[in-house]
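The following questions concern a structure and its contacts. Please consider the sequence and the model shown here before reading the answers.

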Amino acid sequence: MNATPAAATRTVDSFTFEIIRQLLIAALDDAEVNLARTAFSPFIYEVKDYCIGLLDARGRVIAQSQGSIPTFIADLDEPIRDGLEIWGEEGLEPGDVLLMNYAEVCGQHLNNMVVYAPIHWEGRLIGFAASRAHWTDVGGQVPGSVSTNTTDIFQEGLQLRSIKVHKRGRADEEILRILRHNTRFPDLTLGDMAAQIEAGEMVRSRWLAMIEKYGWETIDACVEMIWDQSESFVRDQIRALPDGEYFGDAFCDDDGITFDRTLPIKVRVEIAGDEMTIDFTGTCEQTAGPMNTGRSGGLSAAKVAFKSVITPRLPSNEGAFRALKVVLPEGTLISATNNAALSLWTVTMKTVIETVYLALSQAVPDRIPAAHHSAMGAYTFYGRDERNGSLFKTLDSVLGGWGARPNSDGFSPLKTVTHGDTRNVPIEIEETSYPLTVERYEWRPDTAGAGRFRGGLGLRKVYALPQSCHLMAAFDRSKCPPWGLFGGQPAKVGGVVVYPPDGGDPRSFQKVTGLLLERETRAEFLSAGGGGRGDPFERDPGRVLEDVRQGYVTFEGARRDYGVVIDEVSLTIDEEATARMRARPAQGAGAESAGAMSR
Amino acid sequence: MIVAVDIGGTFTDLAAVDPDTGELRFSKSLTTPPHVERGALDCINLAEIAPADIRVLRHGTTVVINALLERKGARTALITTEGFRDILEIGRGNRPESFNLFYERLPPMVPRIHRFELAERMDARGNVVRPLDGTRLPELVEQLRGENIDSIAICFLHAWRNPAHEKEVADYLRGHGDWFVSASHELSREFREYERTVTTVLNAYVGPAASSYLHRLDDALRGADFSGRISLMGSNGGMLTADDTTTRPILLVESGPVGGVAGAIEVGSRMGLNNLVAFDMGGTTAKAVLVEDGEAAVSPLYWVGGYERGYPVQAAVLDIVEVGAGGGSIASINELGSIQVGPQSAGAVPGPACYDRGGDQPTVTDANLLLGRLDENNFLGGTMRLRRDLSEAAIGRLGQQLGQETEPVAAGILKLATLTMASTVRKVTIERGHDPRDFAMVAFGGAGPLHAVDVAREIGMRKVIIPPQPGHFSAYGMLFADYRVDLTETIALPLETFDLSEMDRRFGELATSGEDQLEAVGPVRDVRHARYAEMRYRGQEYTLKVRLPPGAIDRAELEDIFHAGYRRRYGNASRSSSIDVVTLRMVTSARSERSAAAFAEQPATAARPARRTVWFEETGAVPCVVVQRGGWGGEKLAGPALIEEQASTTVLPPGWTAFKDEFGNIIIEANGQS
C-alpha cells in the first residue's frame with residue numbers, strides 16, 4: 001500500500017507525472033475506440049480481438065489499450081524485437097508500416113496480425129505504435145482460416161515476418177497484391193489493416209504531441225517512473241501473499257485429430273517474497289492438431305492469470321510484469337515450435353489460465369472463483385444464402401456459467417476468461433442477416449456445479465435451419481468439467497447436438513469442421529455451468545428453495561445435489577426429509593475436486 | 001408567468017419569466033425529499049409568484065432515475081415470445097471489466113417467476129410465423145393477479161418490424177386490469193431484443209412511481225391555486241408531450257440536465273452560433289454535451305447505472321459525458337502512490353476544508369481559494385465566509401506527503417482537475433469525430449466559469465461564453481426548451497436495392513406521427529423536422545448517423561453523404577464497400593411558448609474594480625484586476641483578470657480577452673488569429 005511516490009527522488013513532479021500517465025492511457029484508449037469503430041471484421045468490433053500498444057525503441061511496452069480481450073496482454077514486445085533484429089534501427093524509417101504474424105515468434109494463429117510503425121523524433125527512433133488484430137481470413141484450408149483439424153501452420157494461411165507494407169509513407173503495391181490475393185475476403189482484410197494503420201498513426205501523433213509539449217527528457221523520465229511505479233505496486237501486492245508452492249493440474253479434451261488422448265496441463269506457482277514464479281513444467285508435448293500455442297501463448301496465459309489475481313485494475317506495461325517469472329520448457333502444448341498448428345490456440349488458453357487459478361486457489365482462496373464454463377464454444381454457420389445467392393458466414397461463441405465465489409453464487413451468463421467486453425449476437429440481428437431461425441434461448445436447470453455457493457448456469461440455444469449450410473464448432477472441457485473448489489461440485493458440460501430433419505438419432509460434437517447440415521436440421525448449443533464452492537449440503541435450504549421456485553434447480557436436482565426435499569405442491573421445504581437426506585454424504589461429494597483433476 | 005423548476009440533489013432552483021414584460025425572477029431553496037414538491041412551492045413563494053399566475057410550469061425531475069438506481073419501482077411482470085423469457089437475464093454476456101474475476105451485472109428488474117411466455121412468432125420480415133394464441137390470455141390475467149403484479153412489460157421478437165401481436169396483448173391487458181402496461185413497440189422500433197426488452201421493463205418498472213409523483217406535484221400545485229400546465233423535460237433535450245410523460249416515463253431518465261443544454265442552445269442561437277459544447281460543472285461532477293447545427297447530440301443507447309454493469313435504454317437520450325470532478329473533489333494519494341483528484345467529493349457536507357464545516361481534505365475549491373481565484377470575503381455574494389487558513393493547512397498536509405510546497409500542490413490539483421474535465425469535452429468532440437476548434441463552449445454551473453477557459457485551452461477551443469446567472473442556468477435554460485419528439489424505425493436494407501421512395505414514405509409517416517404527438521400538447525409553432533439515417537458498410541456492426549438534407553434525395557447523394565461523414569469521423573472511407581441503411585431517425589420539434597425578452601442583466605453594482613494576487617499557469621502569482629460583473633460596462637478586458645458575480649467567478653487567464661455582449665453574456669476569446 002505504501003508504494004513511495006517515485007517522484008520524490010526524480011526530477012519530474014508528481015502532478016506532471018500523473019498528467020502524462022493519464023494522457024498516455026487516454027491516447028491508447030482513444031485509438032482503441034477508433035479501431036473498433038472503423039474495423040470491418042466482427043472479430044475486431046464485436047469480439048474485441050485486438051490490442052494497441054505504445055512501445056519504446058527497445059520494444060518495451062510503455063502503455064497498452066485496456067478495453068480489448070485479455071489475452072493480448074503486454075505481448076507486442078516479441079514481434080517488434082524480432083523486427084528490430086531483422087531491420088536494425090537504421091532500417092526502420094519514418095513512414096514505414098510493417099506486418100508481422102510469423103508463427104515461430106508470435107505463437108498465435110495467423111489471423112492475429114501485428115501492424116506496427118516506428119516513431120521518430122528529431123531524427124532518431126524513439127518507439128513504436130503497434131496493434132494486433134484478428135484478420136477475418138489469411139488463407140489456409142477453410143474460410144476464416146480457423147479450423148479444428150489442421151496439422152501444421154502452412155495449412156492455416158500466409159505468414160509475414162516484419163514485411164513493410166508502407167515504405168517511407170508510401171504503400172507498396174506489390175505487397176498489397178500479395179495480401180489481396182491470399183485472402184478470401186480482401187475488402188474486409190485490407191479494411192481492417194487500414195483501421196490498424198490509422199489507429200497506430202493516432203498513437204504516434206498523440207505521443208509526439210506530448211513530447212512537443214512536455215519535452216523528451218520529461219517524457220522519458222516519466223516512462224521509467226511509470227514502469228517503476230507499476231513494479232513496486234505489484235511487488236507490494238505479492239509480498240502480502242503467503243509464501244509457498246502451489247500446484248494445479250487439469251487437461252483439455254483432445255487436439256481435434258486424436259480424440260482419445262487428453263492434453264494435460266501442469267502448473268506450479270511459487271510465491272517467494274515479492275516475486276511469483278509460474279512454472280508449466282510437466283505440461284504435455286505439443287500436438288499434431290491445432291490446440292498449440294507458441295511460447296508467447298504460454299507467457300500470455302501466465303500474465304493474464306497473474307494480473308487478474310494480483311492487480312486487475314493496473315494498466316499493463318513493462319513494469320507490471322517484472323515481478324513475474326515464467327518457467328516454460330520448449331516444445332510443450334503452450335510453447336510449440338517447428339511450424340506446429342495453432343488454429344485453436346485460444347481454446348487451450350482458457351484451461352491454462354484456469355489451471356493457474358486452481359494453483360492460486362490454495363494461496364489466496366478469497367480471490368479465486370471455482371472454474372467457469374471454459375469451453376470456448378465458438379461456432380460458425382457458413383454457406384450460400386438461397387434467398388440472394390450470396391456467401392454468408394456467422395460468428396459467435398456460447399455464454400455460460402462462471403464459478404462460485406467465496407461468499408456468493410457464480411454469475412451467469414458470460415463469455416470466457418479470455419473474452420473481455422465481447423457481446424453475443426442478438427437473435428433479431430442473426431435472423432435479419434442470415435438464413436437462420438432461433439427457437440429457444442434459455443437457462444439449463446441443474447447445470448451449475450452444486451455447492452454451499454453454486455456456480456452460474458449454462459444455457460441452451462436452439463437453431464432451426466431453413467436451408468442447408470455447414471457448421472464449424474470448437475468446444476472443449478467435456479472430459480475435465482468446470483471444477484468446484486473446497487467441496488463444491490463440478491458443473492454440467494456443454495457441446496453441440498445436431499438433430500437431423502428425418503428424426504434420426506441426434507449426434508453430439510465438441511470439435512467439428514465442415515459438417516453439412518441439411519435443411520430443417522436443428523442444432524442445439526449447450527454451454528456448461530460454473531463450478532460450485534463448499535459442501536452443497538451446507539447450502540441454505542431457503543436458497544435452494546428459491547432456486548427451485550425460479551426454475552434454476554429442479555425438484556430432483558434439489559434432492560440429489562443439495563439434499564433438500566421440497567414439496568412440489570406447496571413449494572415448501574420438507575424439513576424432516578431434508579435432515580435425513582443431509583445426514584448422508586452427498587453423491588459424488590468427498591472428492592475434493594481442486595487438484596484432483598489429473599488422470 | 002412561465003416558471004421553470006429544477007429539483008437537484010441539494011438545491012431546488014427556480015427561474016421565471018413574464019412573457020409580456022420580459023421580467024425575470026430567480027429563487028433557490030433546499031430540496032425537500034421525499035416530498036420534493038414542497039421545495040418547488042417554497043421557491044415559488046420566495047420568488048413572490050402567485051401560483052394562479054403561472055401559465056406553464058416546466059420541470060426537470062430526477063424521480064425516474066432515482067427509482068431505477070434505488071430499485072424502488074413497481075412489482076413488474078414481463079411477457080415474451082415462447083422460448084425467450086430468459087433474454088432479459090441472459091443479456092449480452094460481455095465483461096467490460098475484463099480482468100475482474102468477480103464481475104457481475106446488476107440483477108434484472110423482473111425475476112424469472114414473473115416472466116411469462118406466450119405462443120406467437122414473427123420472422124425478421126414481420127411475417128407471422130406462428131399466430132398469437134389468444135385463448136391463453138384470460139389464464140395469464142389470473143396468473144398476473146395471483147402474483148399481485150402492478151405493472152406489465154410486453155416484448156415479442158421482431159415487434160420492431162411488426163407489432164401486431166404486442167398490440168393485441170397490450171389492448172387485452174389494459175382492458176382487464178388496473179395495471180400499467182407497456183409494449184416494446186411503443187418505446188422502440190429498433191432491433192436487438194435484449195436492449196428493447198430492458199427498455200420496456202424499465203419503463204413499466206418506473207411507470208406507477210412516475211405517475212404518482214406527477215399526481216402529487218399536480219395536486220400540491222392545484223391546492224395552491226395553480227391552474228396552468230405542467231411540462232416535463234425529456235431526456236432527448238426537449239419538452240415532452242403529456243402522452244409521452246404518462247406512457248413513456250423512461251423518457252424522463254435524464255430529465256435533470258436538459259435545462260442547461262436548452263439554455264446553451266438559446267444563448268448560441270442569439271449569437272448566431274450553432275456548434276457548441278455545453279459545459280456544466282458543479283460540486284461533484286462536470287458534464288459536457290455537444291450541440292451541432294443547433295441541436296443537442298443524442299445517443300441511441302443510454303445506460304442506467306453505467307455501461308460497465310447497468311441497464312441499456314434504447315431511446316434517444318442526451319449524449320452526456322460526465323466525470324467526477326467538481327468543486328468538492330478531493331485530492332489524495334492513491335494506492336499506486338499517484339496523486340488523484342476526484343471522483344471522491346466532499347460534497348456540500350462536510351464540504352471543502354475552507355467551508356469550516358468539518359472537512360479537512362484538500363479540494364478543488366480549496367486550491368482555487370489558495371491561488372487567489374476565489375475571494376474568501378466575497379463567496380456567494382459574501383453570504384458565506386471562507387477560511388483560507390484551513391485550505392492552506394489541508395493542502396499543506398498533502399504537500400508534506402509529496403515533498404512539495406503548498407502553492408505548486410494547489411496548482412497541480414487544478415491542472416489534474418482540468419485534465420479530467422477536459423476528458424468530457426474530448427469525448428463529446430474528438431471521440432465523436434469533431435474538431436473542438438469548430439465549437440464554442442457555453443459554461444455554467446457554480447464552478448463552470450472558474451475552470452471553463454482552462455478546460456477550453458486544454459482541448460484547443462478558442463471561444464468561451466459565460467451566460468448571465470450561470471449558477472441558476474439549469475432552471476433558466478428550461479424557459480427556452482422546445483418541444484421535441486424523437487422517432488426511429490429500423491429497416492436494415494442494402495442501399496443498392498433500397499427503394500428511396502419507400503424511405504421518403506417512412507420518413508413521412510414518422511413526421512406525421514411526430515406532429516400528431518406535438519399537436520396533442522396544444523397549439524405549437526414553427527414545427528421543424530430533421531431527418532437522419534444510420535448507415536454502415538456492410539459487415540460492420542456500428543452505424544454512423546448522418547443528417548439528410550431536406551427534400552428529395554437520390555442514391556448517389558445518400559452514398560456521398562455517408563462516405564463524407566465516415567471520412568470526417570474516422571479518417572478513411574471505403575468507396576468500394578457496399579452500404580446498408582439500418583435505421584431512420586426523425587426529430588420533430590416545435591417552438592414552445594417563450595418570451596422574446598433579452599437575457600437578464602446582472603443587477604448593477606457600484607463596486608469598483610479591485611486588485612489582488614492570483615496564480616496562473618503561465619505566469620505564476622501576479623497582480624490581477626478583479627471586476628464585478630454587474631459593475632462592468634462590458635468593454636474589452638485582457639487577462640489576467642477575474643470577473644466576480646453573486647454565485648460565481650470567471651477566471652480570465654493571460655492570453656485571453658473578454659467582453660460583454662448585448663445579451664449580457666461574457667464572451668471570452670483566445671488572443672491571436674482564430
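**Interface and aromatic pairs**

Q: How many salt bridges does the rule find across the interface of chain B and chain A?
A: In this predicted model, one salt bridge joins the side chains of A:Asp30 and B:Arg426, at 3.0 Å from N to O. Over the interface of chain B and chain A, the number found by the rule is five.

Q: Which element gives the largest share of the side of chain B that touches chain A?
A: The contact takes 84 residues from chain A and 70 residues from chain B. Across it, 32 residue pairs are in polar contact. Elements of chain B that give two or more residues to this side include helix H6 (193–223), helix H11 (406–428) and helix H15 (555–570). The largest share, nine residues, comes from H11(B).

Q: How are the rings of A:Phe306 and A:Phe321 arranged: stacked, edge-to-face or tilted?
A: A:Phe306 is buried at 1% relative accessibility, and A:Phe321 is buried at 10%. Their ring centres lie 6.1 Å apart, and the planes make 50 degrees. Stacked requires under 30 degrees and edge-to-face over 60, so the pair is tilted.

Q: How many residues apart in sequence are the parts that the pair of B:Tyr355 and B:Phe379 ties together?
A: The rings of B:Tyr355 and B:Phe379 form a tilted pair, with centres 6.0 Å apart. B:Tyr355 lies in the loop between strand S21 (339–345) and helix H9 (364–370) of chain B, whereas B:Phe379 lies in the loop between H9 and helix H10 (388–402). The pair therefore ties together parts whose separation in sequence is 24 residues.

Terms used: Residues numbered from 1 in each chain as written. Chains lettered and ligands numbered in written order. Predicted model: local features only at pLDDT ≥ 70, side-chain atom pairs only at ≥ 80, totals over all residues. Heavy atoms only, no water. Contact = heavy atoms within 4.5 Å. Salt bridge = Lys/Arg side-chain N within 4 Å of Asp/Glu carboxyl O. Polar contact = N/O pair within 3.5 Å; in protein donor to acceptor, adjacent residues only side chain to side chain. Helix = DSSP H or I, 4+ residues; strand = E, 2+ residues; numbered from the N terminus. Phe/Tyr/Trp six-rings, centres within 6.5 Å; stacked < 30°, edge-to-face > 60°. Buried < 20%, exposed > 50% of the residue type's maximum accessible area, 1.4 Å probe, protein only.
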